[in-house]
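Dear colleague,

Please find below the structure that I am handing over to you. My findings follow it.

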Amino acid sequence: MTDWTFCLDGMENAMADSFLDSLRFDAKGLIPCIVQDAATGQMLMLAYMNRESVQQTLETGLCTFYSRSRQKLWCKGETSGHTQEVRELRTDCDNDALLARVKQNGAACHTGMYSCFYKRRNPDGTIEEVGERVFDPADVYGKQE
């Protein structure tokens with residue numbers, strides 16, 4: 001459990017419902033969520049949430065997303081153990097995008113990099129990998145065929 005104070009534990013149900021009702025989900029019932037390291041400001045990843053995953057995030061204080069490819073909810077870190085404890089949840093001016101400021105435990109990226117945004121395009125057009133590799137994916141997810 002997180003020490004996040006915005007969890008539903010301390011929130012009136014009406015407040016949680018009001019927050020959820022204010023969100024503008026797209027035609028597929030999804031809303032993009034940018035995840036940012038609360039301590040450093042580094043962008044970690046972009047994922048999608050549906051109403052149920054936002055609700056679960058509010059209840060647990062751990063980022064839960066909706067997998068478009070698997071068509072199901074997934075709590076970040078459920079396989080790797082690299083969880084995201086929500087410190088703050090914001091909406092943009094149109095309420096159609098979320099920003100989750102988190103305490104990142106381990107790496108955010110399934111490739112083992114701390115951030116999913118580790119590929120930099122240089123002025124000469126080359127792509128360079130930058131950032132910190134936190135783990136070897138084969139050690140966490142097993143050998144990928």
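Helices (H or I, at least four residues) and strands (E, at least two) are taken here as DSSP runs, numbered from the N terminus. By that definition, the protein chain of this predicted model has three helices and eight strands. Read from the N terminus, its elements follow the order α-β-β-α-β-β-β-β-β-β-α.

Of the 145 residues in the protein chain, 41% are buried. The chain exposes about 8400 Å², and 48% of this area is supplied by carbon and sulfur atoms. Among contacts between residues at least 6 apart in sequence, 46% join residues at least 24 apart.

Next, the cysteines. A disulfide is a covalent bond between the sulfur atoms of two cysteines. How many disulfides does the count come to? With a cut-off of 2.5 Å between the sulfur atoms, the count is zero. For Cys-33, the closest cysteine sulfur belongs to Cys-63, and because the two sulfurs are 5.7 Å apart, they are too far from each other for a bond. Cys-33 is buried, at 0% relative accessibility, whereas Cys-93 is exposed, with a relative accessible area of 73%.

Two loop residues also deserve a mention. Gln-71 is not a glycine, yet its phi is positive, at about 55°. This residue sits in the loop between β3 (64-67) and β4 (72-75) and is exposed, with a relative accessible area of 54%. Asn-95, also a residue other than glycine, has a positive phi near 60°. Asn-95 is found in the loop between β5 (84-91) and β6 (98-104), and it counts as partly exposed at 22% relative accessibility.

Yours sincerely

Technical notes:
Residues numbered from 1 in each chain as written. Predicted model: local features only at pLDDT ≥ 70, side-chain atom pairs only at ≥ 80, totals over all residues. Heavy atoms only, no water. Buried < 20%, exposed > 50% of the residue type's maximum accessible area, 1.4 Å probe, protein only. Contact = heavy atoms within 4.5 Å. Areas by Shrake-Rupley, 256 points an atom, 1.4 Å probe, with all protein chains shown as cover.
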